[in-house]
Amino acid sequence: MTYLFICLANSCRSIMAEAIARALARDSVSIQSCGLSSYPIHKMTLETLTKNGIAVTSLDSKRVSPELIQNADVIVLLDKTIKDRLLVPPTKFLIDHHIDDPMPFADDINATQAFQKTFDAINTLTRRIIK
């Protein structure tokens, strides 16, 4: 089974989901993430994952591709604007679940709280999906 988490930039939400899912998944499960675009993984993403005991090794930001879509069994969209911008074959199992992006608060005094809130929401969602 292959899970693909998608957000806008693959610098926070989908990266968090990938890392959390990897921590939960069995070896027979493949976990990947990507974004409609690709930006470097934000330092607060890595700090939040580490603070919550989630490994950050081998995480890599990448842009969505036809191959990633084709190889996925389950596609999880983490932003409400993606579904209308991405062609997902009807044969794919699609989960469309918006989670607020903490990036607008990345340089704010409340950045730590914003990223933790996003982590908590993604952790809850991912635990429901990965069994």
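Visitor: What makes the meeting of the Glu18 and Arg22 side chains a salt bridge?

Guide: Their N to O distance is 2.5 Å, and a salt bridge requires a side-chain nitrogen of Lys or Arg within 4 Å of a carboxyl oxygen of Asp or Glu. The pair therefore qualifies. Please bear in mind that this is a predicted model.

Visitor: How many salt bridges does the structure hold, and what makes Arg13, Asp79 and Asp101 a network?

Guide: There are three salt bridges. Arg13 forms one with Asp79, the closest N and O atoms being 3.0 Å apart, and another with Asp101, at 3.6 Å. Both values are within the 4 Å limit, so each pair is a salt bridge. Arg13 takes part in both pairs, and the three residues are linked in a network.

Visitor: Which parts of the chain do these pairs bring together?

Guide: Asp79 lies in the loop between strands S3 and S4, and Arg13 in helix H1, so their pair ties together parts that are 66 residues apart in sequence. Asp101, in the loop between S4 and H4, is 88 residues from Arg13. As for accessibility, Arg13 is buried at 1% and Asp79 is buried at 6%, while Asp101 is partly exposed at 27%.

Visitor: How do you know how many disulfides the model has?

Guide: A disulfide needs two cysteine sulfur atoms within 2.5 Å. The cysteine sulfur closest to that of Cys7 is in Cys12, 7.3 Å away, which is too far for a bond. Cys34 is likewise in no disulfide, its nearest cysteine sulfur being that of Cys7 at 8.2 Å. The count is zero. Cys7 is buried, with a relative accessible area of 3%, and Cys34 is buried, with 0%.

Visitor: What shows that the buried residues of helix H2 are on one side or on several?

Guide: In H2, residues 43-51, the buried residues are Met44, Thr45, Thr48 and Leu49. They cover an arc of only 135 degrees around the axis, which puts them on the same side of H2. Lys43 and Lys51, on the other side, are exposed. The buried residues pack against helices H1 and H4. After H2 comes Gly53, whose phi is positive, near 80 degrees.

Visitor: What makes up the largest nonpolar core?

Guide: This core has 30 residues, and those with the most contacts inside it are Tyr3, Phe5, Ile31, Leu49, Val76 and Leu78. S1, H1, H2, S3 and H4 each supply at least two residues of it. Apart from this core lies another, of 13 residues, among them Ile6, Cys34, Leu68 and Ile75. Beyond its neighbours within four places in sequence, Val76 is in contact with residues including Phe5, Ile95, Leu125 and Ile129.

Visitor: Where is Asp73, and which residues does it contact?

Guide: Asp73 is in the loop between H3 and S3. Sequence neighbours within four places aside, Asp73 is in contact with Met1, Thr2, Lys92 and Phe93. A polar atom of its side chain lies 2.8 Å from the backbone nitrogen of Thr2. The C-alpha atoms of Asp73 and Phe93, 20 residues apart along the chain, are 6.4 Å apart.

Technical notes
Residues numbered from 1 in each chain as written. Predicted model: local features only at pLDDT ≥ 70, side-chain atom pairs only at ≥ 80, totals over all residues. Heavy atoms only, no water. Buried < 20%, exposed > 50% of the residue type's maximum accessible area, 1.4 Å probe, protein only. Helix = DSSP H or I, 4+ residues; strand = E, 2+ residues; numbered from the N terminus. Arc of directions from axis to C-beta. Contact = heavy atoms within 4.5 Å. Core = buried A, V, L, I, M, F, W, Y, C linked by side-chain atoms within 4.5 Å. Polar contact = N/O pair within 3.5 Å; in protein donor to acceptor, adjacent residues only side chain to side chain.
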